[in-house]
Amino acid sequence: MNNDNPKKVYADIIDLPHHQSAKRKQMSLYDRAAQFAPFSALSGYDDMVREESRLTDEKEELSEHETELLNRKLGLINDAVDDGYTPEITVICFTPDKLKAGGSYKTITAPVKSVDAVQRQLILYGSYDTDDRRIAPVVIEFDNIRDIKGELVAFSED
C-alpha cells in the first residue's frame, strides 16, 4: 500500500456522498461547536489554583517597646471609657485568614465601646472601614492589634 499520496490510499471512498441519517435530524452548527468547547476536567481545580495564588500577610510580632506602648494606649482608652467618654480611635489590626495560613492587616476607625482586660479584647461600636463599608460592632483581640491612633493616644512614642 502506498502511504505517500492520500488520494490513492482513499480513492475508493473519497468521492462517496456524505452520509445523512434518515432517523435523526442533523445537529445544528451551534450544538456541534459546543462539543469542542473547553471544559473543566477537574471540577474545582480553577478555584483551588485561585485560592493558592491569593496572597496573605504574616502576622508581625511586636517588640517589647511596642507592646509596652500599646498597653499604655489601651490603659488610657480604658480610663476614658470608665470616665464616661467614647473616644474615637483608629486601630490597625491583623485579621487571620479563614482558609489558609496568614491573614491581612485592616484599619478600622470607630468609637470605643469598651476595653475588656480580662478577655483581652477591645470592643468598638459599628462604624465604617477604610473602604467606606458599614461594619458591625467589632471585637479585636489584644494580640492582633498592631497600632492604635487617635487624639487620646497621641502622646510621644519615645
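What follows is a chat about the predicted model shown above.

Biologist: What should I know before I look at the model?

Modeller: This is a predicted model, in which local features need pLDDT of at least 70 and side-chain atom pairs count only at pLDDT 80 or more, while totals for chains, interfaces and linings use all residues. Residues are numbered from 1 along each chain as its sequence is written, and side-chain values use heavy atoms, with hydrogens and water left out.

Biologist: How many helices and strands does the chain have?

Modeller: There are 4 helices and 7 strands, where helices (H or I, at least four residues) and strands (E, at least two) are DSSP runs numbered from the N terminus. Starting at the N terminus, the order is α-α-α-α-β-β-β-β-β-β-β.

Biologist: And what is the radius of gyration of the chain?

Modeller: The chain has 33 Å, whereas a compact globule of 158 residues would have a value near 15 Å; the radius is taken over C-alpha atoms, and the globule rule is 2.2 Å times the number of residues to the power 0.38. Along the principal axes, the C-alpha atoms fill a box of roughly 100 × 35 × 25 Å.

Biologist: Which residues have the most contacts inside the largest nonpolar core?

Modeller: They are Ile89, Val91, Val112, Leu122, Leu124 and Ile145, in a core of 19 residues. Such a core is a set of buried Ala, Val, Leu, Ile, Met, Phe, Trp, Tyr and Cys residues joined through side-chain atoms within 4.5 Å. Among the elements that each supply at least two residues of this core are helix H4 (64-82) and strand E1 (88-96).

Biologist: Let's take Leu122: buried or exposed?

Modeller: Leu122, which is found in strand E3, counts as buried because its relative accessibility is 0%; buried means under 20% relative accessible area, exposed over 50%, and partly exposed in between (1.4 Å probe, protein chains only). In soluble globular proteins, nonpolar side chains tend to be buried together.

Biologist: What is Leu122 in contact with?

Modeller: Leaving aside neighbours within four places in sequence, the partners of Leu122 include Leu74, Ile89, Val112 and Ile145, with contact meaning heavy atoms within 4.5 Å. The C-alpha atoms of Leu122 and Asn78 are separated by 9.3 Å, although these residues are 44 apart along the chain.

Biologist: New topic: what is the phi of Arg120?

Modeller: Arg120 has a positive phi of about 55° although it is not a glycine. Most residues other than glycine have a negative phi. Arg120 is placed in the loop between E2 and E3, and its relative accessible area is 39%, so Arg120 is partly exposed.
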